[in-house]
Amino acid sequence: MTALYALPATEIAARVKARQLSATEVTEAVLARMDAVNPAINAVILPLHEEAREAARAVDAAIARGEDPGALAGVPITIKANVDQKGHATTNGLVLQKDLIAEQDNPMVATLRRAGGVIIGRTNTPAFSLRWFTSNNVHGHTKNPWNPGITPGGSSGGAGSATAAGIGAIGQGSDIGGSIRYPAYACGIHGLRPTLGRIPAWNASGAERDIGGQLMAVQGPLCRTIGDIELAFQVMTTRDARDPWYVPAPLKGPEAPKRAALCIRPEGLNTVPEVEAALRDAARRLQDAGWTIVEIDSLPPLREPARLQSQMWLASLPRGGMALAEKENEAASLGVYRHMIAITPPADLNSFQDALTKRAGFVRQWMLFFEKYPVVICPVSAELPFPDQQDTKGFEAFQRVLESQLTQVGLPFMGLPGLTVSTGLVNGNIPVGAQLLAGRYREDLLIAAGAVIEAGGTPATPVDPAL
């Protein structure tokens with residue numbers, strides 16, 4: 001019999017609504033799981049036992065009254081520490097913000113609550129939500145439950161680690177350069193970066209000041225099943241007038257051919273054999289299900305968008321951002337900022353405007369490409385999940401990390417969606433998978449293709465943390 005903490009969100013919600021389980025039963029099981037395994041991985045930096053119990057009791061009471069408890073009835077959820085949650089600090093991994101208490105919920109948090117979700121805790125993020133690794137001076141270091149020697153990813157590393165370990169069925173994350181897709185990849189689960197404008201998100205506290213974030217940052221789910229990705233995504237897209245970028249696009253677009261482009265080495269990426277094998281495995285799974293797979297050597301531009309994305313990230317540094325990083329004095333993030341400046345100096349006003357102009361041209365190229373190939377299969381990263389803290393090993397090590405993450409950094413510049421689908425393990429404890437891309441507002445295509453790939457096998461989760 002499957003432990004209650006291991007149940008997918010879709011099953012929890014269905015069984016709670018049918019009164020086969022109570023939200024309280026599920027919540028107690030997940031809180032016990034968190035108490036048992038979180039000390040080994042430090043994924044949840046603020047457990048919320050009593051708040052979770054209160055929310056679960058409210059779900060059970062609504063059902064007892066014959067009311068609809070919501071699409072996420074009793075589903076345990078974690079919230080990233082850079083997102084406003086009323087009554088709690090929006091630290092963004094910063095000592096400087098440890099007392100920045102949110103006075104209201106972020107729209108996405110409010111939506112999850114209204115849908116009957118039970119928030120069980122807040123998850124770790126690197127300082128400034130900056131890195132593909134997760135550590136900081138206020139909450140400490142998050143570990144990967146599969147293997148403590150590799151990164152859990154970042155910046156939603158706490159969400160990825162917690163979800164993989166069975167601490168919640170849905171981990172809320174945010175992605176401006178891979179911060180959902182990479183933790184999902186590193187932790188052997190799935191993660192969706194939706195189209196810009198899909199999910200309302202706004203922090204009244206002023207925290208999560210993503211550099212260039214108004215142009216590229218989005219929120220989305222990390223889950224153990226594609227079905228849960230779909231459920232969480234559908235709920236998260238609920239309208240909220242506080243977000244001026246929200247677009248009420250339909251969740252399902254017009255029919256598209258089951259045709260996917262497979263690109264192993266976009267823009268000359270040095271994809272390692274293990275990742276190539278995972279990509280070809282994902283393509284075979286789709287092909288066996290009736291999809292047409294066309295292997296191509298190149299995709300529309302990613303390298304120049306990645307460079308411009310980096311410039312926009314760094315645009316706030318001369319305007320006080322670097323002074324803030326120096327004041328926080330967190331060695332890893334400060335080092336990353338300095339390495340990025342050396343590689344791509346911050347934009348001046350003219351180059352910032354030029355980047356916005358170029359962005360429209362890149363979006364056009366990608367949208368025309370998707371007319372021919374509705375789905376793309378490409379690397380999440382050119383390499384397997386990195387040794388933990390690899391980016392702190394000097395400038396050359398950081399350059400290697402940055403280059404390997406090309407598809408993660410380049411994609412958000414165009415506001416496009418991407419889905420990480422976990423496919424297996426290397427050497428028994430190193431997750432690997434594939435990234436799927438599609439046109440704007442075509443998450444439905446990603447989810448459909450992801451479900452086919454998932455059916456061919458994924459790492460068995462939840463996983464007990466390795467010590």
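A salt bridge is counted here when a side-chain nitrogen of Lys or Arg lies within 4 Å of a carboxyl oxygen of Asp or Glu. With that cut-off, a search of the whole structure, which is a predicted model, turns up 22 salt bridges.

R15 and E11 join their side chains in a salt bridge, with 3.1 Å from N to O. Both residues belong to helix 1, which covers residues 9-17, and because they are four residues apart there, about one helical turn separates them. E11 has a relative accessibility of 32%, so this residue counts as partly exposed.

Other pairs reach across the sequence. The side chains of R131 and D391 form a salt bridge of 2.8 Å, again taken from N to O. R131 is found in the loop between strand 3 (118-123) and strand 4 (135-136), while D391 is found in the loop between strand 11 (375-378) and helix 14 (395-404), so this contact ties together parts of the chain that lie 260 residues apart in sequence. Both R131 and D391 are buried.

A further salt bridge connects E443 with R198, at 3.0 Å from N to O. Here, too, distant parts of the chain are linked: E443 belongs to helix 16 (residues 443-455), R198 lies in the loop between strand 7 (190-193) and helix 7 (213-216), and 245 residues separate the two.

The cysteines give another view of the structure. A disulfide is a covalent bond between the sulfur atoms of two cysteines. How many disulfides does the structure hold? The count is zero. The case of C187 shows why: the closest cysteine sulfur to its own belongs to C223 and is 13 Å away, which is too far for a bond. For comparison, the cut-off for a disulfide is 2.5 Å between the sulfur atoms. C187 is buried, as its relative accessibility is 0%.

Key: Residues are numbered from 1 along each chain as its sequence is written. This is a predicted model: local features need pLDDT of at least 70, side-chain atom pairs count only at pLDDT 80 or more; totals for chains, interfaces and linings use all residues. Side-chain values use heavy atoms; hydrogens and water are left out. Buried means under 20% relative accessible area, exposed over 50%, partly exposed in between (1.4 Å probe, protein chains only).
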